[in-house]
Amino acid sequence: MKRNTWQREAVRDALDGTEGFISAQALHSALHASGSPIGLATVYRALGDLAASGDADCLQSPEGEAIYRACSTGHHHHLICRNCGLTVEIAADEVETWAQRVAAEQGFTAPAHVVDVFGLCAECSRQAAEGAPA
């Protein structure tokens, strides 16, 4: 178990105060804007540690960048808006059943999975429709 340092706590607090997912660089910029002297490499390390311990969700954005957010407890999946980043945690019992079945059919045991669904949220879809040529 990693010991809690002021840097790790600063990253955890900043992540807790962030809506949705955020990159390490954006979180580092926010920390610096608030007066923190924390280094970018330290932010990356702390975020990696938080993700490894289950205290943060980490996923890859459509652009390929690792993005993070404070994690709720328990296994869950995400719907993520490609435009504004709105993230909704969802339960997906069908996915759980499917993953177990497919793994078993192939002789795998103890399957684990990550499911993140990217799309446009209702508000971004509405704005896109209003801006579309008639």
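# Chatting about a predicted protein model

Biologist: Hi! How far apart are the mean positions of the positive and negative charges?
Modeller: Hello! The mean positions of the 9 positive and 17 negative charges of the protein are 7 Å apart. Lys and Arg count as positive and Asp and Glu as negative, while His and the chain ends are not counted. Each charge is placed at NZ of Lys, CZ of Arg, CG of Asp or CD of Glu.

Biologist: Before we go on, what kind of model is this?
Modeller: This is a predicted model, where local features need pLDDT of at least 70, side-chain atom pairs count only at pLDDT 80 or more, and totals for chains, interfaces and linings use all residues. Residues are numbered from 1 along each chain as its sequence is written, and side-chain values use heavy atoms, with hydrogens and water left out.

Biologist: Thanks! How many helices and strands are there?
Modeller: The protein has 5 helices and 6 strands, in the order α-β-α-α-β-β-β-β-α-β-α along the sequence. Helices (H or I, at least four residues) and strands (E, at least two) are DSSP runs, numbered from the N terminus.

Biologist: And is the protein compact or spread out?
Modeller: The protein is more spread out than a compact globule, because its radius of gyration is 18 Å, well over the 14 Å that the globule rule gives for 134 residues. That radius is taken over C-alpha atoms, and the rule is 2.2 Å times the number of residues to the power 0.38. Along its principal axes, the C-alpha trace spans about 55 × 50 × 25 Å.

Biologist: What share of the residues is buried?
Modeller: Of the 134 residues, 28% count as buried. Buried means under 20% relative accessible area, exposed over 50%, and partly exposed in between (1.4 Å probe, protein chains only).

Biologist: New topic: how many disulfides does the structure hold?
Modeller: It holds 0 disulfides, a disulfide being a pair of cysteine sulfur atoms within 2.5 Å.

Biologist: Is cysteine 124 buried or exposed?
Modeller: Cysteine 124 is buried, at 8% relative accessibility, whereas cysteine 84 is partly exposed, with a relative accessible area of 48%.

Biologist: Last one: where is threonine 87, and what does threonine 87 touch?
Modeller: Threonine 87 is in strand E5 (residues 87-90) and is buried at 13% relative accessibility. Leaving aside residues up to four places away in sequence, threonine 87 touches Gly20, Phe21, Arg69, His78, Leu79 and Ile80. Contact means heavy atoms within 4.5 Å.
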